[in-house]
Amino acid sequence: MTDGKAPGSEIPEITPTELNERMTKGQPITLVDVREPHEPEIADLPAWGQKLIPLRELPDRLDELQHDEPLVLYCRSGSRSGFATRFLREQGFEKVWNLKGGMLGWKREVDPSIQEY
């Protein structure tokens, strides 16, 4: 994961390609899906034990996340997860990244067969 932040942004990001490589190698990363509960049924990342914590529930569910483990947040396009990444960093989480482009980025870079919505 790059510590690189998107130009003009305070949000650290990881590309779908980089995330796929790291997860395939078994590197310890906790994925956090901040979409609504019905969205993973439409399209999702491979089953890597991700946690579904909708953005609206995130402030009340911080105790489900560990400050010392790397977290990658994702949503459909990267917007909600970008907001969530910024929020977690404000709460003292230092190892947190936004999946650049979200599920749409994953479709473009890694798996064109997933359904776009």
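Modeller: Axes here are lines fitted to C-alpha atoms, for helices over the stretch in contact, and angles run from 0 to 180 degrees between N-to-C directions. Keep in mind that this is a predicted model.

Colleague: What makes α1 roughly perpendicular to α4?

Modeller: The axes of α1 and α4 come within 9 Å and cross at roughly 80°. Angles of 65 to 115 degrees count as roughly perpendicular, so α1 is roughly perpendicular to α4. On the α1 side the contact is made by P16, T17, L19 and N20, and on the α4 side by G105, W106 and E109.

Colleague: How do the residues of the contact of α1 with α4 divide?

Modeller: Three are nonpolar, three polar and one charged. Gly counts as polar, Trp and Pro as nonpolar, and Glu as charged.

Colleague: Why are the buried residues of α1 said to lie on the same side?

Modeller: In α1, residues 16-24, the buried ones are P16, E18, L19 and M23. They cover an arc of only 160° around the axis, which puts them on the same side of α1. Among the elements covering them are β1, β2, β4, β5 and α4.

Colleague: How do you know that β2 pairs with β3 and with β4?

Modeller: Pairing takes at least two bridges. β2 has four bridges to β4, and these strands run parallel; two bridges join β2 to β3, also parallel. D33 stands opposite Y74 in β4, and its bridge partner in β3 is L52.

Colleague: Which way do the residues of β2 point, and are they buried or exposed?

Modeller: T30 and V32 point one way, L31 and D33 the other, and all are buried.

Note on methods:
Residues numbered from 1 in each chain as written. Predicted model: local features only at pLDDT ≥ 70, side-chain atom pairs only at ≥ 80, totals over all residues. Heavy atoms only, no water. Buried < 20%, exposed > 50% of the residue type's maximum accessible area, 1.4 Å probe, protein only. Arc of directions from axis to C-beta. Contact = heavy atoms within 4.5 Å. Parallel < 35°, antiparallel > 145°, perpendicular 65-115°, else oblique.
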